[in-house]
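Please keep the sequence and the model in view while reading.

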Amino acid sequence: MQNFTYYAPTEVIFGEGTESRTGEEVKKWGGSRVLLVYGGGSVKRSGLLQQVEEALDKEQIAWTEYGGVKPNPRLSFAEKGVKKALEFGADFLLALGGGSAIDTAKAIAHGTANPDTNLWDIWTGKEPLEKSLPVGVVLTISAAGSEMSDSAVLTNETTGRKQGLSTPFNRVKFAVMDPRLTLTLPKYQVACGIVDIMMHTLDRYFTHTKGNEMTDEIAEALLRTVIRNGTKAYENPGDYAAASELMWCGSLSHNGLTGLGAEKDFAPHKIGHELSAKYDVAHGASLSAVWEAWALYVYREEPERFARYAQKVWGINCTDPIEAAEQGIRATAAYFKSLDMPVCIGELEIGVRAEEELLDMAKRCTGNDSFTVAKFKVLHQEDVLEILRMANHR
Ligand code: NZQ
Ligand code: ZN
């Protein structure tokens, strides 16, 4: 086990009806003028927006709306949000929605607290981030885990980069999580969320770090729970119990817990982000489209690790580690298919891509081969290109 620091300070308010407590929570965390950040309208249709506004009114908290965040949120939209927050004099950001609304709220919080600094310079680490505004969340989709993570992801439409920023300032103050709010999700979004939740643990699980029993067991239990309840939630959109399990797994999968004491890899995420930056592919679909190709490309670095995964997560008992590893990889892809998720680029709505487009993504992913990606197998530009070729059609 490697040394680690674990600090996941978000207050979680979980369960049916908890959104009515949003006003009290904002007040408790010092908010008096709130910018409400949300997406394309699902929170209006469900009545959540109105309910939260009433909860804020009850506590005499002033608020204004900033809706219209798109999936794979854009830098320019966050920058406009900073202007709006400054004009309003916001002292608190409240995100209603999923990763896209939450990450936009986080970005606006950083920009508003540092109005004289270019937001993308903060994002790329050129300018240090030393202060931000508090952010709260009412979660409506189990997926990205942004409600407890220390990261946020934005796409810079000028440079074509989709990039994450990890900082303790990205930890939100509180997350209201009512699983009932996820019952209105389209099936495709449920499936994208399941893949993403699994991937936040898988991208940590494939590591060469040894002697990390507790973390490994937590990761395996989480994966089994997501797989079991994912099928239920996908097949029965009204299943509150399954939705509850998914919601809690989604937060735990990305708050750091499932990878403590181990070296992190995250190659599928990095490659998936290139697909989303270039073609606006939904995040979860970008991950299922590249995972099998990545796994087949890297598993021989340590087949025993993949064999353990096959045994503990999929119940595959096979003494030959290579055979077990391959069976575990196939079982994972078959599970994605059972959720009607793409398992190659050709199955995405964008279809099979040309060699030069794959090369372009491999270049962006590795800064023209100026840096490497990942740890389980260190990937250079040529490796990323090969994975993309393998993922193109399977
Ligand atoms: O925009 P609205 O109308 O709200 O519709 C959304 C959106 O179209 C819809 N939706 C959400 N809740 C709903 C609902 N529709 C009906 N009923 C509901 N209850 O679902 C669609 C997807 O929403 P989005 O917020 O984009 O989903 P998700 O939570 O998957 O977030 C994806 C974004 O998060 C980033 C991804 O890269 C992507 O940009 N990630 C953020 C991370 C983080 N901050 O820690 C980590 C992740 O790895 C990920 O990279
Ligand atoms: Zn993710």
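This is a predicted model: local features need pLDDT of at least 70, side-chain atom pairs count only at pLDDT 80 or more; totals for chains, interfaces and linings use all residues.

In which loop is Asp280 found? Asp280 belongs to the loop between helix 10 and helix 11. Although Asp280 is not a glycine, its phi is positive, at about 55°.

The zinc ion (ligand 2) is coordinated by four residues: Asp196 through OD, and His200, His269 and His283, each through NE2. The distances run from 2.0 to 2.2 Å. Along the chain, the donors follow the spacing D-x3-H-x68-H-x13-H. His269 lies in helix 10 (residues 267-279) and His283 in helix 11 (residues 283-298), so this pair ties together parts that are 14 residues apart in sequence.

The accessibility of these two histidines can be considered next. His269 has a relative accessibility of 6% and counts as buried. His283, at 18%, is also classed as buried, because the class takes in values under 20%.

Another residue with a positive phi is found elsewhere in the chain. Asn72 is not a glycine, yet its phi is about 55°. Its place is the loop between strand 3 (62-66) and helix 4 (75-88).

The view may now be widened to the whole protein chain. Its secondary structure comprises 15 helices and 8 strands. The radius of gyration is 20 Å, close to the 21 Å that the globule rule gives for 394 residues, so the chain is as compact as a globular protein of that length. Taken along the principal axes, the box filled by the C-alpha atoms is roughly 65 × 45 × 45 Å.

Further totals describe the interior and the surface. Of the 394 residues in the protein chain, 58% are buried. Among contacts with a separation of 6 or more, 76% are made by residues 24 or more positions apart. The chain exposes about 15,700 Å², of which carbon and sulfur atoms supply 50%.

How values were computed:
Residues are numbered from 1 along each chain as its sequence is written. Chains are lettered from A and ligands numbered from 1 in the order in which they are written. Side-chain values use heavy atoms; hydrogens and water are left out. Donors are N, O and S atoms within 2.8 Å of the metal (3.2 Å for Na, K and Ca); water is not among the atoms, so sites may look incomplete. Helices (H or I, at least four residues) and strands (E, at least two) are DSSP runs, numbered from the N terminus. Buried means under 20% relative accessible area, exposed over 50%, partly exposed in between (1.4 Å probe, protein chains only). The radius of gyration is taken over C-alpha atoms; the globule rule is 2.2 Å times the number of residues to the power 0.38. Contact means heavy atoms within 4.5 Å. Accessible areas come from the Shrake-Rupley method with a 1.4 Å probe; for residues, only the protein chains shown count as cover.
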